[in-house]
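Hi everyone, thanks for coming. Have a look at the structure on the screen, and I'll walk you through a few places in it.

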Amino acid sequence: MRVPRVGIHAACISWFLIVAGSPASAFEDPIDSAGAITARIEAPERVTNRTEPVPVRVVIENTGTSGVSGTLRVRVIDDWTIEPAAPAAFTLPGGASETREFSLKPGPRVYSALYPIHAYVDHETDGVTHAAHPILIFKTEFPEQPTPHEQAAKRPGWRHARSRSKTVLSGHVTDAGAAVPVDVCQGKRGLLDAQVRFGAGPEEVEFYGLSITIDGATLLDKDSPFRLTSISEEPAQGAYRVRHQFRSSEKAFDLLADFRLDTRALQLKVWLENSPVAEPWDVTYLENVALGSWSKPVHRVYAGPGNVIEAPRIFTPGFEGHRLSTSYVGADFESGPSLVLAVDVTPDQLKVIPAERTFTLVTPHAQTISLIPGANVWEAVKVWRDIDGRVAASGVSNLAGRFTFDLWTDDFTGAAAALEQSFRYGLTDAVVVWHRWQRWGYDYRLPDILPPRPESGGSDAFRALADTCRTHGVLFAPHDNYIDFYPDSDAFTYDRVAFLGKDLPDFAWFNRGRDAQSLRWRPDCIRPFLESNVKAIRDNYAPTAYFIDVWSSLPPYDYWTRDGDFHTRLETRDIWRESFAWIRNELGHDAPQISESGNDQLVGWADGAQANHIRVDDHPPSGAGYFVWRVNYRDAERIPWFDAAHHHRFVMQGAGYPSRYAAGLDSRLHGIYSDDYIATEVLAGRAPMVSSPFGHDVVRKYWLLHDLSQALAMCSIDSVEFVGDNLHRQRVRWDNGAEVWVNRGAEDWSVDGHVLPQYGFYARAPQSVEAAIERRDGVIVEWSQSAESLYLNARGARDMQGSPEHLARLNPERHPVRFGAVLTEGGARLTREDRELVVTPLPDGIPFDMQIDWDRLPWRLPQPDRVKALQTAPEPGVSLPVPAWTGVLSLKCEPETFAYHAGPS
């Protein structure tokens with residue numbers, strides 16, 4: 001009987017191995033103290049023999065001066081036994097210690113994995129009950145059990161025959177900006193070797209058949225154990241359907257495939273019928289479905305959070321939030337129509353091999369494949385957007401456009417004070433995602449996360465932090481995790497762990513900071529623990545949003561249970577989806593549900609994700625690690641690919657955690673506050689993200705991007721253009737009439753009177769919203785405006801440190817720059833408050849002069865005869881004289897001043 005490993009998220013496995021390393025058994029020291037008692041477990045760290053008992057000792061020490069009595073109990077899990085198992089009483093005089101001996105024995109179903117030993121020492125000290133609970137994690141390393149050979153999938157030798165039998169489907173796809181002829185010709189092996197053509201004459205492009213893998217064997221391969229015994233047509237409403245019957249010496253099943261063609265797309269549905277009844281560790285299912293080779297090589301590939309790659313060499317990204325992330329991909333061929341290829345389940349990978357003319361998603365399980373030819377991929381992806389059909393989850397409108405504070409500090413009270421400063425500067429249309437707060441520290445001993453970590457301020461300080469946000473209308477989302485399951489958790493057992501195959505538990509994240517290895521949860525076991533944690537967090541801290549790590553970064557996965565029952569990734573996906581919906585309902589008020597990175601499998605259920613929009617780099621610098629697409633290519637660039645389909649129904653926040661986005665490059669030029677990062681946020685219409693609770697760059701980023709972000713919230717991308725066929729000069733049009741130009745190329749680009757340097761942009765949207773990073777008077781500056789505010793920053797710099805490239809993006813000589821009504825070398829926001837003009841300089845800035853041509857302001861305000869300066873700390877302001885009026889108000893802005901109010905007496 002075959003014992004397959006599930007086709008589980010190949011990209012994810014590489015992610016954990018690259019970032020985490022191999023499993024290790026070191027956790028916290030197996031020692032704990034409570035009251036006067038300190039207890040320690042002593043046992044081997046590694047066990048290699050399945051048959052011999054393992055000696056275990058528990059040392060109990062009374063560090064007090066009075067005698068202590070109590071009980072000792074030792075617990076193990078699953079097929080391990082410990083003797084003696086019954087609780088045992090002890091009495092220790094002051095200063096004394098005692099050692100108890102135990103024998104640990106493995107049963108028949110133990111694995112090469114990690115196991116805990118728990119000791120519980122309950123006692124009284126001075127009339128108070130205490131419980132010491134040391135935990136020792138040991139590693140087992142047993143010889144591997146032989147498993148049946150898994151045959152590698154091979155490229156089928158039949159698919160280049162290109163023999164047409166008959167045309168079974170013919171028509172035109174017209175909804176993607178061009179009328180593209182489509183025809184399907186059945187081959188000698190039904191639809192498995194069909195020839196599918198798009199276009200006509202010199203512009204046509206076609207692919208040849210399907211590659212399908214079952215039980216590790218590719219159907220129709222010459223070495224396959226399965227023989228095609230019959231082919232028959234069957235009636236199907238609006239489709240052409242063929243039943244293919246296969247048989248081996250042990251199994252038989254029917255493969256059904258049908259093609260449907262309408263004005264939007266050609267769709268191919270494949271599934272199995274009459275397959276053998278599932279047995280432990282043996283399930284017959286579609287392990288891989290892929291398109292055959294194409295008649296022409298792919299010129300450009302579009303995929304993931306957003307990258308286009310021109311003339312790539314071998315490129316096989318797995319599905320997860322940093323890489324593929326979309327179940328649809330795009331291609332431009334060297335001639336012929338462009339194409340979007342999409343599936344309605346979770347794919348394993350995108351496979352691009354130009355030498356073999358391969359361009360396909362590789363996807364397991366029953367599925368519908370959509371092929372959408374069009375004038376360009378952007379028109380085709382709009383069609384996919386409609387075919388996909390999902391609607392936004394109910395928290396999307398509450399999250400869309402909000403500024404994101406992504407915070408990893410350990411100090412609850414200090415961060416609350418810093419956030420209060422940001423809120424005073426108006427940064428309140430926001431969400432705070434708080435990652436590090438858990439009882440045992442970040443991502444450790446999960447799911448045991450409560451109460452909040454005492455070293456960070458404890459429960460009261462964490463509640464005050466949440467209250468601070470709520471008072472200002474800012475959403476507060478604590479971090480949670482139901483992927484990583486730690487063996488020192490009280491809930492741990494391999495009955496709740498996902499398995500890759502027989503005797504192969506699935507290792508998850510290796511917490512390098514704690515030197516602790518986690519296992520991957522069985523998704524069908526998480527809900528009781530999730531519900532318990534969420535209810536306690538709701539009752540004690542009342543969060544207004546929620547963040548669950550990894551669920552939109554890792555793909556939904558197939559898995560086995562410990563007993564050999566198979567569960568598909570569709571079940572995993574639905575459990576994650578339903579869990580987000582349950583949390584949103586439990587917290588109330590459409591509390592947005594957020595996750596990491598963002599793949600499209602949770603669209604319609606989760607509300608958003610903290611994007612990781614990493615770059616293509618064939619020669620990345622040291623330190624880049626996993627966070628680049630390592631592809632040989634002619635040209636490549638970031639693009640708004642994910643948002644082209646889902647912007648109106650799923651909120652992508654920022655462009656990546658700072659180190660992941662920069663990935664080995666200078667953080668000043670490519671980090672979260674850089675023009676590069678901001679240009680990517682603007683390109684895709686993202687909700688801006690920062691990594692600090694307050695500061696100069698935090699405030700400037702909000703002032704620059706917030707109004708534009710709100711103008712694009714809940715909108716859809718209408719078109720994307722590479723201006724002059726230059727990947728690095730992009731124009732994005734939105735369905736509300738907004739337009740954005742972004743220059744990611746090295747040369748300046750003049751757009752509608754604006755000179756855009758590399759990573760510059762110009763955007764305009766309804767309600768008089770505009771924003772730009774542009775070159776003025778030889779200086780790179782930034783500004784934004786709306787009906788209510790005007791933000792100007794000539795980038796006069798205090799910090800003269802950094803590379804020449806960094807300084808070239810600032811104004812180190814502090815040259816005054818003209819912004820319409822204002823001449824300045826500094827940065828400030830101008831707003832109207834009743835009959836006054838309010839000028840608020842950026843915090844932590846330089847002293848600078850500002851000349852304001854009063855009649856050129858966008859608001860009609862009375863002539864000012866006094867200026868009141870408000871200090872950075874809330875206190876009465878200081879009145880400043882206004883010189884004889886010449887129509888120009890002159891201000892000398894000082895760093896210690898919060899704002900200037902200019903108006904009539």
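Over residues 146-163, pLDDT stays under 50; pLDDT is the predictor's confidence in each residue, from 0 to 100. For that stretch the model has 46 contacts beyond four places in sequence, where a contact means heavy atoms within 4.5 Å. Residues 8-25 also stay under 50, and there the model has 51 such contacts beyond four places in sequence. For the chain, the mean pLDDT is 92, and 94% of its residues reach 70 or more.

A quick word on the ground rules. This is a predicted model, in which local features need pLDDT of at least 70 and side-chain atom pairs count only at pLDDT 80 or more, while totals for chains, interfaces and linings use all residues. Residues are numbered from 1 along each chain as its sequence is written, and side-chain values use heavy atoms, with hydrogens and water left out.

Let's begin with a sheet. Five strands form an open sheet in the order E1-E2-E4-E8-E6, with antiparallel pairing. Strand E1 (31-34) and strand E6 (81-83) stand at the edges with a single partner strand each, so one side of each has no neighbour in the sheet. From one strand to the next, the twist averages 25°. For the terms: strands (E, at least two residues) and helices (H or I, at least four) are DSSP runs, numbered from the N terminus, and two strands pair if DSSP finds at least two bridges between them. Inside this sheet, six bridges link strand E2 (residues 37-42) and strand E4 (residues 54-62) in the antiparallel sense. Look for glutamate 42, which stands opposite arginine 57 in E4.

Now please find strand E25, residues 328-333. Six of its six residues are buried, so E25 is largely enclosed by the rest of the structure. Buried means under 20% relative accessible area, exposed means over 50%, and partly exposed is in between, using a 1.4 Å probe and protein chains only. In a regular strand, side chains alternate between the two faces of the sheet. Here Tyr328, Gly330 and Asp332 point one way from E25, and Val329, Ala331 and Phe333 the other way.

Which residues stand across from glycine 330? Tyrosine 302 is opposite glycine 330, and in E26 the bridge partner is valine 340. E25 pairs with strand E23 (residues 298-303) over four antiparallel bridges, and four bridges also join E25 to strand E26 (residues 338-343), again antiparallel. The hairpin of E25 and E26 has four residues between the strands, and glycine 336 there takes a positive phi near 105°.

On to helix H2, residues 377-388. At 1.5 Å a residue, its 12 residues should span 16 Å, and the end C-alpha atoms are 16 Å apart, which agrees. The expected span is 1.5 Å times one less than the number of residues. Of those 12 residues, 10 are buried, so H2 is largely enclosed by the rest of the structure. The buried ones include Trp378, Lys382 and Trp384. At the start of H2, a side-chain oxygen of asparagine 376 comes to within 2.9 Å of the backbone nitrogen of tryptophan 378. After H2 comes glycine 389, with a positive phi near 75°.

Definitions and conventions:
Polar contact = N/O pair within 3.5 Å; in protein donor to acceptor, adjacent residues only side chain to side chain. Axes fitted to C-alpha atoms, helices over the stretch in contact; angles between N-to-C directions.
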